[in-house]
Amino acid sequence: MFFWNWVKYSTSVLSTEKRNASPVLSVVPGTDRLVLPSHSSSAFPSLGSLYTNRGRREGGSMEQEMGELRRYRTQSISRGEFALSDSFYFYRKGLESIVDDQVTQRFSSEELVSWNLLTRTNHNFHYISLRLTVIWGLGVIIRYCVLFPLRITLAIIGLSWLVIGTTLVGFLPNRRVKNWLSELVHLMCYRICARGLSATIQYHNKNNKPQKGGICVANHTSPIDIVILANDGCYAMVGQSHSGLMGVIQRSMVRSCPHVWFERSEMRDRHAVTSRLRAHVAAKSNLPILIFPEGTCINNTSVMMFKKGSFEIGGTIYPVAIKYDPRFGDAFWNSAKYNMVSYLLRMMTSWAIVVNVWYLPPMTRQEGEDATKFANRVKSAIAHQGGLLDMAWDGSLKRDKVKEEFKEQQQKMYSSMVVGKKARNSQEPHTESTRR
Amino acid sequence: MGSTNSTLSKIPNVEELVQETGFTPAHIVRLYDRFEALDKEKTGHLRPQDFGAINRLAINPIGDRIIGAFFSPGQETVDFHSFVRILAHFRPADKKRPKDPSMPEPVNSRTSKLKFAFQLYDQDKDGKISRAELLQVLRSMLEMQVTEEQLESIADRTIQEADLDTDDAISFEEFRKSLEKVNIDHKMSIRFLR
């Protein structure tokens, strides 16, 4: 209990610093231009250092840079023309991206401004003082010897109760009592599991909580997101059916209330997936579906492209923004680096998991809006609320390569500076010769 | 990630690198972390594919050329030392250094930067940018957006402007002259630490 009070106190003290939600900064892919919203709040200047392109020169767009490069030339750049120095812009951008780049950054943990006494967030370790090392040592002892055993016990209790409870409820025939009991069991188990992670969750705007027959959409940082959201309401989970321990949990959960588990082969067939989800949503008494449209875990500093599949199902979308406080523990699951078990162990040996969850007002697809636009609209709303960077890059870039179209975009932009806005036509050589 | 000291000890010949390139040990540790992050298979060397995995670089019109600059002719891998040496060209110039004619030209001086840029154009390393080489660069930067005639006329014009000894190619001196007013240090430098 003492620990809880301490966590609550420190979060309230520290969170007064950033009480207002920060405005969204969108990054146009392929350039380094930041697009500010028209209604920036006063909180922006202090967060600027965290959310702008870190370490990147304030060089501005391609046009600006090229203009500077060509300033010494007598002709104006509006006439077009190539200069030998044009390539410097591309060299520099290329080298900058070799040294660091925005997208790869998102797939590794966020760097903290000041150290929080966890070795794992300590990237450039400098020995500062004996006192700090002693404090850190104390921290290790507390975390591993005191907190960790407590948390493991709670987690085991929580999970086993989930399996047992849902199986028991599954035996009941009656519909209403069954639903009520299943909700009770689910909530209880998730709450125990959340305590097992020392998760302190604050829910905002509870009046916008997802209703039955809707689709709940959230940004994805780790598998713990499910526990966080399910602490406050019951959702129907969507996902791949696994084997082993996860499979046991999944199968028992399905007994008490309908979730949507897919076989791996079914996942490939998008139509089958969509129709099953649609059927689930159409039955108005079913719990709201929980979907993470990014498709992969991102490190909670930005929101990446939403896959449009979830937005084609129809129904009302309830967006939810989840933001972890990185000072107490790093919740991001870097699936390339850690497997599930070591990830959970790391979670249980952090200080705490402090989360803010914002329920956003429900959205529906408007007339004439296609799924992609709708997805982007929802994404911007979530990024805006959570104070995350709204990126148009695809989360699957973690594993795949980028599309050719982006390269063509760069070439197009550059060519409009060299030959002007005219497309390729036979008049070109004539007009160029008249310039001389 | 470990302490600076332990990472530094993993890198052989650090003092030599520091002397040669002018990077501080902190910079070198950062670059080493980046090198390791790019070297996904932990071979200790980078291959062209490892660079190709960087998305921003993949959409850069002359990305392939930049990658090529890291690999000496005939070599298929680049080790950490060469990696750092190439990146050192883009370090901002040290303004306070006294001009010492007996010391070799520092790797990030204006001349060295220009030489590096020149080499990116002059792929066959004959000391001149021929018309064909210029056309190649133009083609990568503009690709589908302009016609072949437009490309050729742009190349012709550029050579005409810069070529002073009328040998239909741009030598390093001519290159340097045509860019003498450009603030090279500003345009060809990147910040290495966040």
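User: Which elements do the buried residues of H7(B) pack against?
Analyst: H7 of chain B covers residues 80-88, and seven of its nine residues are buried, so it's largely enclosed by the rest of the structure. Buried here means under 20% relative accessible area, exposed over 50%, and partly exposed in between (1.4 Å probe, protein chains only); helices (H or I, at least four residues) and strands (E, at least two) are DSSP runs numbered from the N terminus. Phe80(B), His81(B), Phe83(B), Val84(B), Ile86(B), Leu87(B) and Ala88(B) are the buried ones. Going by contacts (heavy atoms within 4.5 Å), they pack against H4 of chain A, plus H2 (14-21), H3 (25-38), H4 (48-52), H6 (63-70) and H8 (110-121) of chain B.

User: What pLDDT do local features need in this predicted model?
Analyst: Residues count from 1 along each chain as its sequence is written, chains are lettered from A and ligands numbered from 1 in the order in which they are written, and side-chain values use heavy atoms, with hydrogens and water left out. The model is predicted: totals for chains, interfaces and linings use all residues, side-chain atom pairs count only at pLDDT 80 or more, and local features need pLDDT of at least 70.

User: What does H12(A) pack against?
Analyst: H12 spans residues 340-348 of chain A, and its buried residues are Tyr343(A), Arg346(A), Met347(A) and Met348(A). Their packing partners, within chain A, are H6 (130-170), H7 (175-196), H8 (224-230) and strand S10 (353-359).

User: Is His220(A) buried or exposed?
Analyst: Start with where it sits: His220(A) is in the loop between strand S4 (215-218) and H8 of chain A. Beyond neighbours within four places in sequence, His220(A) contacts Asp225(A), Phe292(A), Glu294(A), Thr296(A), Cys297(A) and Ile298(A). Its relative accessible area is 14%, so His220(A) is buried.

User: How far apart are the C-alpha atoms of Pro258(A) and Leu287(A)?
Analyst: Pro258(A) lies in the loop between H9 (244-256) and strand S6 (260-262) of chain A, and it's partly exposed at 39%. Leu287(A) is 29 residues away along the chain, yet the C-alpha separation is 8.0 Å.

User: What is the phi of Asn300(A)?
Analyst: Most residues other than glycine have a negative phi. Ser198(A) isn't a glycine but has a positive phi of about 50°, and it's buried at 4%. Asn300(A), in the loop between S7 (289-291) and S8 (302-303) of chain A, is buried at 5%. Its phi, also positive, is about 70°.

User: What is the N to O distance in the salt bridge of Glu148(B) and Arg139(B)?
Analyst: A salt bridge needs a side-chain nitrogen of Lys or Arg within 4 Å of a carboxyl oxygen of Asp or Glu, and the whole structure has 14 of them. In chain A, Lys206(A) pairs with Asp232(A) at 3.4 Å; Lys206(A) is partly exposed at 47%, whereas Asp232(A) is buried at 9%. Over in chain B, Glu148(B) is partly exposed at 36% and Arg139(B) likewise at 34%. Their N to O distance is 2.8 Å.

User: What share of the residues in chain A is buried?
Analyst: Chain A has 15 helices and eleven strands. Among its contacts with a separation of 6 or more, 74% join residues 24 or more positions apart. Of the 436 residues in chain A, the buried share is 51%.
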